[in-house]
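Student: I have a model open on my screen and would like to learn how to read it. Could you take me through some features, one by one?

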Amino acid sequence: RTSPSPSLARPFANNLITVIDGDDLRIDKEECIQIAKIRKVEVSRDALEKILHSTAGWITGSIILLEYAKQSGQLEKRQIGAAGNILFDYMANEIFAGFDELTRKILLDLCWPRRLNPRIARAISGEDSAKQLLANLAKNNYFVTERIDNHSYEYIIHPILREFLQEKARELFNQKTLSKNVAEITSEFSK
């Protein structure tokens, strides 16, 4: 999840080692089919496509949903991305609970736009550390992707984490607070 240490600079420069990033680890449709076969999960191609689309190629999420489908014999939208489902519970217990309070606050603030640049992240969260948090999560391939577009950084929160964060925000904040946040986001994007 991290870049190679400086001590590996020479082997890296000599192509003796390579870096595998988050994009390299995303599975595609054929790989999802193979995982289903190996795990002896019989699901339709439509269900496999739903899994792959919902997880954006995240292998752990795909396996969790395949195993759920194997045990329950079904796969519906509510098992994929809503409160009380298997992935929601995984996000709550394995990912979100492990973050410190400031990280949780910033992520809850930033879960509404699909893409964020550092200026917008700072404006929405009110935290100077928002850009660094997103950069660190992206660098460690931890549910955030960093893209460079026209020499500007852009961050994308993984769709499953983003959906989880939105549900969590709805649970924690009242409608007035959420409406205010959405209005601020809209204002920032229009600048």
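This is a predicted model: local features need pLDDT of at least 70, side-chain atom pairs count only at pLDDT 80 or more; totals for chains, interfaces and linings use all residues.

Student: Let me start with a side chain: which backbone nitrogen does the side chain of Asn 117 reach?

Tutor: The side chain of Asn 117 reaches the backbone nitrogen of Ile 120, at 2.8 Å. To read such a contact, look next at where the residue sits. Asn 117 belongs to the loop between helix 8 (101-110) and helix 9 (118-125).

Student: Is Asn 117 buried, exposed or partly exposed?

Tutor: Partly exposed, because its relative accessibility is 23% and buried means under 20%. Asn 117 and Glu 146 are 29 residues apart in sequence, with their C-alpha atoms 9.5 Å apart in space.

Student: Now the cysteines. How many disulfides are there?

Tutor: The count is 0. Burial can be read for cysteines too: Cys 32 is buried, with a relative accessible area of 1%, and Cys 111 is buried at 0%.

Student: How do I read the nonpolar core, and which residues touch the most other members?

Tutor: The general idea is that in soluble globular proteins, nonpolar side chains tend to be buried together. Here the largest nonpolar core has 44 residues, and Leu 66, Met 91, Leu 110, Ile 157 and Leu 165 touch the most other members. Helix 10 (residues 130-139) gives the most to this core, with 6 residues.

Student: What does Leu 66 touch, if I leave out residues up to four places away in sequence?

Tutor: Its partners are Cys 32, Ile 35, Ala 36, Val 41, Val 43, Leu 48 and Ile 51. Cys 32 in that list is the buried cysteine with a relative accessible area of 1%.

Student: On to the strands. In which sense do strand 1 and strand 2 pair?

Tutor: For a strand pair, read the direction, then the partners, then the turn. Strand 1 (residues 144-149) and strand 2 (residues 152-157) are antiparallel, with 6 bridges. Arg 147 stands opposite Glu 154 in strand 2. The hairpin has 2 residues between the strands, and Asn 150 in this hairpin takes a positive phi near 55 degrees.

Student: How many aromatic pairs does the whole structure have?

Tutor: There are 5. For each pair, read the distance between ring centres and the angle between planes. Phe 99 and Tyr 142 are edge-to-face, at 5.9 Å centre to centre with 85 degrees between the planes. Phe 99 is in the loop between helix 7 (86-95) and helix 8, while Tyr 142 is in the loop between helix 10 and strand 1, so the pair ties together parts 43 residues apart in sequence. Tyr 142 and Phe 143 form another edge-to-face pair, at 5.5 Å and 75 degrees.

Student: Which residues make up the aromatic cluster?

Tutor: Trp 58, Tyr 90, Phe 99, Tyr 142 and Phe 143 form one cluster. Within it, Phe 99 is buried, with a relative accessible area of 11%, whereas Tyr 142 counts as partly exposed at 22%.

Terms used
Residues are numbered from 1 along each chain as its sequence is written. Side-chain values use heavy atoms; hydrogens and water are left out. Helices (H or I, at least four residues) and strands (E, at least two) are DSSP runs, numbered from the N terminus. Buried means under 20% relative accessible area, exposed over 50%, partly exposed in between (1.4 Å probe, protein chains only). A polar contact is a pair of N or O atoms within 3.5 Å; within protein, one must be able to donate a hydrogen and the other to accept it, and residues adjacent in sequence count only if both atoms are side-chain atoms. A disulfide is a pair of cysteine sulfur atoms within 2.5 Å. A nonpolar core is a set of buried Ala, Val, Leu, Ile, Met, Phe, Trp, Tyr and Cys residues joined through side-chain atoms within 4.5 Å. Contact means heavy atoms within 4.5 Å. Two strands pair if DSSP finds at least two bridges between them. Rings of Phe, Tyr and Trp (its six-membered ring) pair if their centres lie within 6.5 Å; planes under 30 degrees apart count as stacked, over 60 as edge-to-face and the rest as tilted.
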